[in-house]
Amino acid sequence: MMRSSAEALIYRLFIDKFAGKGEPCIGVEIEMPVVNLACQAVEPGFIAAMLDLLKQRFAFTPTRFDQNGFPIEAVNPRQDAFSFETTFNTIEFAMAKKPGIDQIAANFYSYVTALQELAHEHHHLICGMGINPYAAYADSKPLNSPVMLAKAEFLKNFTSHHDGEIFHAFSAACQTHLDVELSQLPDLLNLLGKLAFVDAMLFANSLPFAYAGNRKFIARLPASLQREMAHPTLCFRDILWRLCEAPNIRPYDRDYASLEEVVKHLLDLKIFIISDGSSGFKAIPPVRFADYIARERWSEADLSCFRSLEPVAVSRHGTVEIRQTCTQPLADSFAPAAFYTGIAENITVASELVHDFWQDNQINISNSQLRRQAVSREMAIPADRLREFINNLLAIAAAGLKKRKRGEDKYLGRFLKPDHEVKSPAQRQLDLLQEGWSFQEIMLACSALDESGNSIWDNDMNRGKGEADGLPV
């Protein structure tokens with residue numbers, strides 16, 4: 001069957017990369033907000049100190065620089081990558097793919113433990129939250145790099161916000177990449193799409209409550225965001241993404257019947273950042289990929305920023321990328337990767353459970369509408385049925401992990417305890433506020449690397465061990 005030029009490119013950029021990989025691997029990217037505990041912008045000295053520590057202790061070498069020559073990405077011999085994500089308020093570790101979670105986690109925690117110790121010395125904090133708790137004090141200018149400047153240009157010129165800064169200071173996610181056989185790609189995409197609301201109920205971790213009393217900060221937000229702030233949600237990240245008006249972010253709410261339908265959807269995604277003809281990029285009005293390729297003049301450089309930003313995406317690494325998950329409390333950083341790895345290992349059983357749940361509860365709304373209900377705590381399905389369904393899913397995930405014989409079920413942690421509750425970190429934080437915890441204590445507990453005595457899942461009222469001294473109340 002003859003393919004059009006656009007289809008051939010989609011196969012080269014996305015589909016062909018699923019083939020010939022050998023042993024299936026897992027990839028994990030974790031973004032983490034960085035805050036200055038003095039309620040000011042992140043100090044340049046601390047930014048430089050982080051890079052120096054990673055270079056000296058873990059052999060990270062800068063690989064990408066901003067237009068002032070400052071390093072914004074570094075890679076070490078393990079091929080783990082450190083970068084600043086959109087601004088200097090968020091750091092990211094994109095961990096090299098491995099067959100199992102254990103080595104990824106060991107490397108990640110060695111880096112973050114060292115950085116957190118450094119942060120304490122500088123009166124900063126690396127946060128285990130899906131939203132920057134001190135965004136109101138952050139310098140929200142995008143990184144001075146060609147791609148980020150072009151994205152800021154797009155927000156200013158082609159959205160209703162006319163502000164290329166504010167969105168970049170907020171959001172932090174953990175992304176899981178799964179290798180999958182090409183024949184299973186549509187089925188896995190369909191299953192993960194239906195689990196969007198489950199992701200929210202297990203992993204939502206981006207409450208907007210930290211900004212509620214800051215009128216000056218709220219006044220800077222687009223009117224659409226200001227309206228949303230009046231309605232608390234467990235996943236403010238969802239609102240930021242939904243309202244930012246960037247292309248390629250809307251969830252695909254239908255089931256794929258075939259690989260050809262996956263390709264067709266990728267052809268419908270938009271190009272909106274292209275080469276400026278030299279070493280930089282520029283923003284353009286969004287154009288459907290297939291239509292852009294049909295033009296007479298375009299370059300390979302125009303495709304370098306083209307990708308899906310959907311909650312569940314086909315990535316250019318030849319993986320299924322789950323992008324919808326908030327950054328977790330740091331001690332639980334690998335719970336999402338464990339959950340999705342176990343579900344993918346047991347895809348047939350999980351798909352049957354999901355099918356029956358949809359049928360039994362006569363669910364006739366879209367996946368994204370169901371997720372909105374979950375983060376708004378407005379689920380129409382009875383709570384006992386939801387608990388049973390999610391607990392069954394967790395059991396399926398744990399069984400899938402045990403089948404892999406790598407001890408990865410330990411990363412499901414609290415979900416495997418006999419008395420565990422189906423509760424997201426965001427919901428637990430709301431409970432802690434009711435119990436008398438301060439916002440600053442919650443922030444510290446989410447940022448602890450050891451659960452013992454300082455976890456949002458504990459009831460230890462001696463939390464923080466004095467670390468909150470000097471924080472604003």
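**A friendly note on strands, helices and a few loops**

1. Buried here means under 20% relative accessible area, exposed means over 50%, and partly exposed lies in between (1.4 Å probe, protein chains only). Helices (H or I, at least four residues) and strands (E, at least two) are DSSP runs, numbered from the N terminus.

2. Before going further, a word on the model. This is a predicted model, in which local features need pLDDT of at least 70 and side-chain atom pairs count only at pLDDT 80 or more, while totals for chains, interfaces and linings use all residues. Residues are numbered from 1 along each chain as its sequence is written, and side-chain values use heavy atoms, with hydrogens and water left out.

3. How confident is the predictor? The pLDDT is its confidence in each residue, from 0 to 100. The protein has a mean pLDDT of 92, and 96% of its residues reach 70 or more. Please read residues 464–473 with care: pLDDT stays under 50 there, and the model has 18 contacts beyond four places in sequence for this stretch. Contact means heavy atoms within 4.5 Å.

4. Now back to strand 3 and its partners. Two strands pair if DSSP finds at least two bridges between them. Strand 2 (residues 61–65) is joined to strand 3 by 4 bridges, and the two run antiparallel. Threonine 61 has valine 75 of strand 3 as its bridge partner. The hairpin of these strands has 5 residues between them, and glycine 69 takes a positive phi near 85° there.

5. Strand 3 also pairs with strand 4, in the antiparallel sense and over 3 bridges. Here alanine 74 has phenylalanine 82 of strand 4 as its bridge partner. This hairpin has 5 residues between its strands, and glutamine 79 in the turn has a positive phi of about 70°.

6. Follow the chain on and you meet strand 5. Strand 4 (residues 81–84) is linked to strand 5 by 4 bridges in an antiparallel arrangement. Within the hairpin of strand 4 and strand 5, with 5 residues between the strands, threonine 86 takes a positive phi near 75°. Strand 1 (residues 26–36) is joined to strand 5 (residues 90–98) by 7 bridges, and these two run antiparallel. Which residues stand opposite alanine 94 in strand 5? Glutamate 29 is one of them, and alanine 81 is another.

7. On to the helices. Is helix 6 (residues 196–203) enclosed or open? With 8 of its 8 residues buried, helix 6 is largely enclosed by the rest of the structure. The buried residues include Phe197, Asp199 and Met201. They pack against helix 5 (185–194), helix 12, helix 13, helix 14, helix 15 and helix 16 (425–435).

8. Two packed helices are described by the angle between their axes and the distance between the axes. For helix 12 (residues 335–345) and helix 15 (residues 383–404), the axes come within 7 Å and cross at roughly 80°, which means that helix 12 is roughly perpendicular to helix 15. Axes are lines fitted to C-alpha atoms, for helices over the stretch in contact, and angles run from 0 to 180 degrees between N-to-C directions; under 35 degrees counts as roughly parallel, over 145 as roughly antiparallel, 65 to 115 as roughly perpendicular and the rest as oblique. Among the residues making the contact are Phe339 and Ile343 of helix 12 and Leu394 and Gly400 of helix 15.

9. Have a look at glutamine 324, in the loop between strand 11 (320–322) and helix 12. Glutamine 324 is buried, with a relative accessible area of 6%. Apart from neighbours within four places in sequence, its contacts include Ala196, Asp199, Arg237 and Tyr340.

10. Glycine 280 lies in the loop between strand 8 (270–275) and strand 9 (281–288). Glycine 280 is buried too, at a relative accessible area of 11%. Beyond four places in sequence, glycine 280 is in contact with Pro146, Ile274 and Ser275.

11. Finally, two loop residues with positive phi. Histidine 123, between helix 3 (101–121) and strand 6 (124–126), has phi near 60° and counts as partly exposed at 34% relative accessibility. Glutamine 362, between helix 13 (347–360) and helix 14 (367–375), has phi near 50° and counts as exposed at 66%.

Technical notes: pLDDT is the predictor's confidence in each residue, from 0 to 100.
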